[in-house]
Amino acid sequence: MSSIFALQMGAALLLGLLALGLEVFALVDALRQPPAAFLAAGKRTKGLWVGITVAASLVGFVSVNNPISMVSILAVVGAAVYLTDVRPALNQVRGRGGSSGPYGPW
């Protein structure tokens, strides 16, 4: 039984580290964006998104051993919303990527 418990703890730690990596990546990306791009994309302010990603990163750091708690899941959701909604809009406003394929725009 102890080997199953060790496997479960290892899997939880791996999930926690992956979640923390996602949250820190979102934080670093939010810090690198110019404040005007957030307003031009219609995605609130840079301060709000940096605050959300800082809070998510702190929660992820504190709960790296317990990634399935409600607070940990909310932290991952906050970082994921930034990465899937805000970041693509910022990149499109700044002219970096977006909807272009290997032979040009879609």
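**Chat about a helical core and its aromatic pair**

Reply: Let me start with Y82: Y82 is buried, with a relative accessible area of 0%. Buried means under 20% relative accessible area, exposed over 50%, and partly exposed in between (1.4 Å probe, protein chains only).

Me: Good to know. What kind of model is this?

Reply: This is a predicted model, where local features need pLDDT of at least 70, side-chain atom pairs count only at pLDDT 80 or more, and totals for chains, interfaces and linings use all residues. Residues are numbered from 1 along each chain as its sequence is written, and side-chain values use heavy atoms, with hydrogens and water left out.

Me: How many helices and strands does the protein chain have?

Reply: The protein chain has 4 helices and 2 strands, in the order α-α-α-α-β-β along the sequence. Both are DSSP runs numbered from the N terminus: helices are H or I with at least four residues, strands E with at least two.

Me: Back to Y82. Which residue forms an aromatic pair with it?

Reply: W49 does, and the pair is tilted, at 6.1 Å centre to centre and 50° between the planes. W49 sits in helix α3 and Y82 in helix α4, so the pair ties together parts that are 33 residues apart in sequence. For the cut-offs, rings of Phe, Tyr and Trp (its six-membered ring) pair if their centres lie within 6.5 Å; planes under 30 degrees apart are stacked, over 60 edge-to-face, and the rest tilted.

Me: And W49, buried or exposed?

Reply: W49 counts as buried because its relative accessibility is 10%.

Me: Which residues have the most contacts inside the largest nonpolar core?

Reply: A26, F38, W49, Y82, V86 and L90, in a core of 14 residues. Helices α1 (2–32), α2 (35–41), α3 (46–62) and α4 (70–93) each supply at least two residues of this core, and the largest share, 6 residues, comes from α4. A nonpolar core here is a set of buried Ala, Val, Leu, Ile, Met, Phe, Trp, Tyr and Cys residues joined through side-chain atoms within 4.5 Å.

Me: What is A26 in contact with?

Reply: Leaving aside neighbours within four places in sequence, A26 is in contact with T53, A79, Y82 and L83. Contact means heavy atoms within 4.5 Å.

Me: New topic: L14, buried or exposed?

Reply: L14 lies in helix α1 and counts as exposed, because its relative accessibility is 53%.

Me: How much of the protein chain is buried overall?

Reply: Of its 106 residues, 32% count as buried.
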